[in-house]
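Welcome! Here is a short tour for anyone meeting this structure for the first time. Please take a look at the sequence and the model, and then read on.

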Amino acid sequence: MEYRKKKGQAAIVCCSDGLGEEACRQTSLLCRKLMGMGLEPVVSPFLARGETIFSGTAAQRARILMDCYRDPGIRMILDVSGGNLANQILEYLDFEVIRACRKPFWGYSDLTVMLNAVWSKTGNCGFLYQARNLAREQGEDQELRFSDTVLNGGNSLFPDDWEFFQGSRMEGIILGGNIRCFLKLAGTDYFPDLTGKLLFLESLGGGVGVTASLLAQLRQMGVFSRIRGLLLGTFTELEASKACPNIRQLVADAVQDLRLPVAFTRLAGHGPDSRAIPIGAECSITAGATHILR
């Protein structure tokens, strides 16, 4: 985690859907906040959407990302997008260059595909986190936590409210992210080996039927019999509808193994209070903390 001790340039990129007006406004504010921390934003020319959801072609978005990896002045890459298009760029990436750079990639939701593909191909870790949270309703708190964790080596940006449904602690490399986007990698060379790993899952959209079907797909792929622990964030639409069965019941039905540690957090997902999940890092998870071990 050497990057934590350095200030420098922070790349702002868009690998998924182009940004709308509100997201662009938040990104401008984010850049000002980064400058206040001593980080110089380097902004991609392919951020805002035009007449379609695209901010640029897949090749253009990938080229900008690879330029950021190759630039020695850039210390971290913050993807401020989300949506559906991130998997378009995977075939254009040079994973040997990415492996050598070892720069942390930050993104959430659809950028789940980037975080897990990068780990699968390079072993490099990143962070499931939307940097635009620094410019949303709880931006002041997010800014303090981001600065503490990224610049000062703390861990206050990680969830500290884990509630164990099964077991009492777990330890291992965390993979996963948004459940729908994670499963876009199934059947591809980018899907990671989950044996002995901790799997994190969250969701923005999707009611009972959608969530149950995605969990069934993971079970049918043998995922729940291979992982060491299961971590759950917020499932926004499902929880808002107060549907029955709820997410805990759906997970219990899908996992069917009382020995597998399962824990929930309210502080990871799509909300403005959402914190970061280290993807590809070996972590210790207890009821009161998320600690990166190495």
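## Around Asn 133

Setting aside residues up to four places away in sequence, Asn 133 touches Gln 138, Gly 139, Gln 142, Gly 271, Pro 272 and Ser 274. Keep in mind that this is a predicted model. The points below begin with this residue and then visit the cavity, the annotated sites, a pocket and some backbone details.

- Asn 133 sits in the loop between β5 (126-128) and α5 (139-151).
- Is Asn 133 buried or exposed? Asn 133 counts as buried, at 2% relative accessibility.
- Asn 133 is also one of the residues that line the largest cavity.

## The cavity

- The structure holds one cavity of 30 Å³ or more.
- About 50 Å³ of space lies in the largest cavity.
- Which residues line the largest cavity? They are Tyr 108, Leu 128, Tyr 129, Gln 130, Asn 133, Glu 202, Gly 269, Ser 274 and Arg 275.
- By class, the lining of the largest cavity divides into three nonpolar, four polar and two charged residues.

## The annotated active site

- In an unreviewed UniProt entry, the annotation "active site" covers Ser 109, Glu 202 and His 270.
- These residues span 162 residues in sequence, yet no two of their C-alpha atoms are more than 8.6 Å apart, so they gather at one spot.
- Of these residues, Glu 202 is included in the lining of the largest cavity.
- Glu 202 belongs to strand β8 (residues 198-203), and at 2% relative accessibility Glu 202 counts as buried.
- Leaving aside neighbours within four places in sequence, the residues in contact with Glu 202 include Ser 109 and His 270, along with Gly 177, Asn 178, Ile 179, Gly 233, Thr 234, Phe 235, Ala 268 and Gly 269.
- His 270 is found in the loop between β10 (262-264) and β11 (277-279). His 270 is buried too, with a relative accessible area of 9%.
- Side chain to side chain, His 270 makes a polar contact with Ser 109 (3.0 Å).
- Neighbours within four places in sequence aside, His 270 is in contact with residues including Tyr 108, Ser 109, Arg 136, Asn 178 and Glu 202.

## The annotated domain

- The unreviewed UniProt entry places the feature "domain: LD-carboxypeptidase N-terminal" at residues 11-126.
- The span of residues 11-126 is 41% helix and 15% strand, and its end C-alpha atoms lie 14 Å apart.

## The second largest pocket

- About 200 Å³ of space lies in the second largest pocket.
- Which of the 13 lining residues are the closest to the centre of this pocket? They are Glu 239, Ile 247, Arg 248, Phe 264 and Arg 266.
- Helices α9 (236-240) and α10 (247-255) each supply at least two residues of the lining of the second largest pocket.
- The lining of the second largest pocket has four nonpolar, three polar and six charged residues.

## Phe 165

- Phe 165 is placed in strand β6 (residues 163-166) and is partly exposed, with a relative accessible area of 36%.
- Beyond its neighbours within four places in sequence, Phe 165 is in contact with Arg 248, Ala 252, Val 262, Ala 263 and Phe 264.
- Phe 165 and Arg 63 are 102 residues apart in sequence, and their C-alpha atoms are 43 Å apart in space.

## Backbone details

- The peptide bond from Cys 244 to Pro 245 is cis, with omega near 5°. Pro 245 lies in the loop between α9 and α10.
- Lys 242 is also placed in the loop between α9 and α10. Although Lys 242 is not a glycine, it has a positive phi of about 50°.
- Is Lys 242 buried or exposed? At 75% relative accessibility, Lys 242 counts as exposed.
- Arg 102 is not a glycine, yet it has a positive phi of about 55°.
- The loop between α3 (95-101) and β4 (105-107) holds Arg 102, which is exposed, with a relative accessible area of 54%.

Notes
Residues numbered from 1 in each chain as written. Predicted model: local features only at pLDDT ≥ 70, side-chain atom pairs only at ≥ 80, totals over all residues. Heavy atoms only, no water. 1 Å grid on protein atoms, 1.4 Å probe; cavity = no way out; pocket = protein on both sides within 12 Å on 5 of 7 lines; lining within 4 Å. Points joined across faces, edges and corners; volume = space filled by probe spheres on them. Helix = DSSP H or I, 4+ residues; strand = E, 2+ residues; numbered from the N terminus. Nonpolar A, V, L, I, M, F, W, Y, C, P; charged D, E, K, R; others polar. UniProt positions renumbered as here; feature names shortened; annotations may be inferred. Buried < 20%, exposed > 50% of the residue type's maximum accessible area, 1.4 Å probe, protein only. Contact = heavy atoms within 4.5 Å. Polar contact = N/O pair within 3.5 Å; in protein donor to acceptor, adjacent residues only side chain to side chain.
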